[in-house]
Amino acid sequence: METVVSGIRSTGNLHLGNYFGAIKNFVKMQYEHKCYFFIADYHSLTTHPAPEDLHNHVKQVLVEYLAAGLDPEAATLYIQSDVPQVTELYLLLNMNAYKGELERCTSFKEKVRKQPDNINAGLLTYPVLMAADIIIHKATKVPVGKDQEQHLEMARTFANRFNRMYKKDFFPQPYAFNFSEELIKIPGLDGSTKMGKSENEGNAIFLADDPKVIRKKVMRALTDSGPTRKNQQRPQEIKNLFLLMKAVSEPETYSFFDQAYNDCSIRYGDMKKQIAEDIIKFNAPIRERILEISSDDSYLKKVADMGKEKAIDSASKTIKEVRQIIGFKRF
Ligand code: TYM
């Protein structure tokens with residue numbers, strides 16, 4: 001049995017990228033492994049959410065995790081800021097995380113480009129907090145999408161460095177994980193290679209979107225004027241449409257349109273209609289549960305309290321040992 005940890009930042013509703021990159025794997029793993037899934041609310045502070053939004057975003061992610069099939073009895077489902085041991089480990093790991101390696105991190109460089117007026121230390125040390133999240137439970141598998149691969153490499157670096165520094169084989173090596181072997185990246189509908197919450201309007205389809213919104217977003221997805229040569233190379237926006245179809249449609253449907261592209265008979269309007277209907281079918285049960293669970297505050301409180309207790313139990317064991325290894329002693 002493996003120990004599995006993964007998290008989602010609480011910055012708004014979850015989208016299909018979050019589902020196919022991460023949640024689908026969480027749901028599969030929860031009955032076979034020791035699983036910790038959490039809501040990364042500290043991580044969300046790097047972009048300075050308004051205080052009145054913070055709790056609502058955490059609630060949204062909690063509701064949507066549950067609606068998508070997470071079983072809080074089987075897995076430990078908790079809120080990052082409920083487990084102070086994580087922040088202690090973060091502080092300790094920060095002492096051995098170097099400015100140069102943090103500055104070279106792709107996600108940091110991207111943030112510097114996107115938000116030049118808010119390059120805070122939390123953004124720089126984001127991968128350190130993420131490493132603390134993972135190794136606090138001594139996890140070996142981390143179900144995430146492709147965009148998190150480099151962060152996982154850094155988590156291994158920090159875990160290894162600690163082991164080497166204190167000459168102890170204490171933290172195991174955590175690896176990014178996906179059942180389909182290849183880590184997944186769901187594209188956006190606006191031609192960009194990644195579906196993301198903070199991208200352009202119309203880029204992402206959210207699990208909570210209603211059928212009308214889904215149809216509208218998909219029908220507006222970027223396409224070109226169509227293939228003119230048999231088996232020709234596909235431009236990015238067309239590759240994106242096929243990637244999305246692969247995630248939500250039946251394999252036969254995918255093959256049909258794939259073939260139609262290759263013999264130049266494809267009609268993008270038909271393909272988009274099919275994708276929209278398949279997304280609607282996929283989203284329907286999740287959306288129904290979202291509506292049900294979000295009004296059940298006492299259930300949500302029960303889930304959060306239960307997760308907090310189980311997560312603290314595991315995290316406090318690790319931090320106690322870490323303190324001993326580093327050399328803290330009581331008088
Ligand atoms: P976040 O909140 O950006 O995304 C949550 C999960 O969804 C995946 N994901 C995608 N997968 C495929 N295609 C996409 N378009 C797509 N967009 C998002 C992400 O890979 C991720 O698995 N840093 C993390 C949160 C985090 C974490 C952790 C994860 C904090 N500590 C410890 C794992 C372990 C993040 O920002 O994910």
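This is a predicted model: local features need pLDDT of at least 70, side-chain atom pairs count only at pLDDT 80 or more; totals for chains, interfaces and linings use all residues.

Trainee: Which residues does Tyr-65 touch, not counting residues up to four places away in sequence?

Mentor: Contact means heavy atoms within 4.5 Å. On that basis, the partners of Tyr-65 are Ser-6, Gly-7, Ile-8, Leu-14, Phe-26, Phe-37, Phe-38, Ile-39, Leu-70 and Leu-77.

Trainee: How many residues has the largest nonpolar core?

Mentor: A nonpolar core is a set of buried Ala, Val, Leu, Ile, Met, Phe, Trp, Tyr and Cys residues joined through side-chain atoms within 4.5 Å. Buried means under 20% relative accessible area, exposed over 50%, and partly exposed in between, with a 1.4 Å probe and protein chains only. Phe-37, Tyr-65, Ile-275 and Ile-279 have the most contacts inside the largest core, which has 59 residues.

Trainee: Which helix gives the largest share of this core?

Mentor: Helices are DSSP runs of H or I with at least four residues, strands are runs of E with at least two, and both are numbered from the N terminus. The largest share, 9 residues, comes from residues 268-293, helix α13.

Trainee: From which domains does this core draw at least three residues each?

Mentor: Domain bounds come from an automatic or database domain assignment. The core draws at least three residues from each of domain 1 (3-184 + 297-326) and domain 2 (201-291).

Trainee: What distance separates the centres of domain 1 and domain 2?

Mentor: The centres are taken over C-alpha atoms. Between domain 1 and domain 2, the separation is 31 Å.

Trainee: How many residues does the contact take from domain 2?

Mentor: Both domains contribute to the contact. Domain 1 gives 10 residues, and domain 2 gives 14 residues.

Trainee: Which residue has a side-chain N or O atom 2.7 Å from a nitrogen atom of the ligand?

Mentor: A polar contact is a pair of N or O atoms within 3.5 Å; within protein, one must be able to donate a hydrogen and the other to accept it, and residues adjacent in sequence count only if both atoms are side-chain atoms. A polar side-chain atom of Asn-18 lies 3.0 Å from a ligand oxygen atom, and a backbone N or O atom of Met-195 lies 2.9 Å from a ligand nitrogen atom. The side chain at 2.7 Å from a ligand nitrogen atom is that of Asp-133.

Trainee: What percentage of the ligand's accessible area does the protein cover?

Mentor: Accessible areas come from the Shrake-Rupley method with a 1.4 Å probe; for residues, only the protein chains shown count as cover. On its own the ligand has 700 Å² of accessible area, and the protein covers 99%.

Trainee: Is Asn-96 buried or exposed?

Mentor: Asn-96 is placed in the loop between α4 (84-94) and α5 (99-103). Leaving out residues up to four places away in sequence, Asn-96 touches Glu-101, Phe-158, Arg-161 and Met-165. Because its relative accessibility is 11%, Asn-96 counts as buried.

Trainee: What is the phi of Cys-264?

Mentor: Most residues other than glycine have a negative phi. Cys-264 lies in the loop between α12 (251-262) and α13, and its relative accessible area of 28% makes it partly exposed. Although Cys-264 is not a glycine, its phi is positive, at about 65 degrees.

Technical notes: Residues are numbered from 1 along each chain as its sequence is written. Side-chain values use heavy atoms; hydrogens and water are left out.
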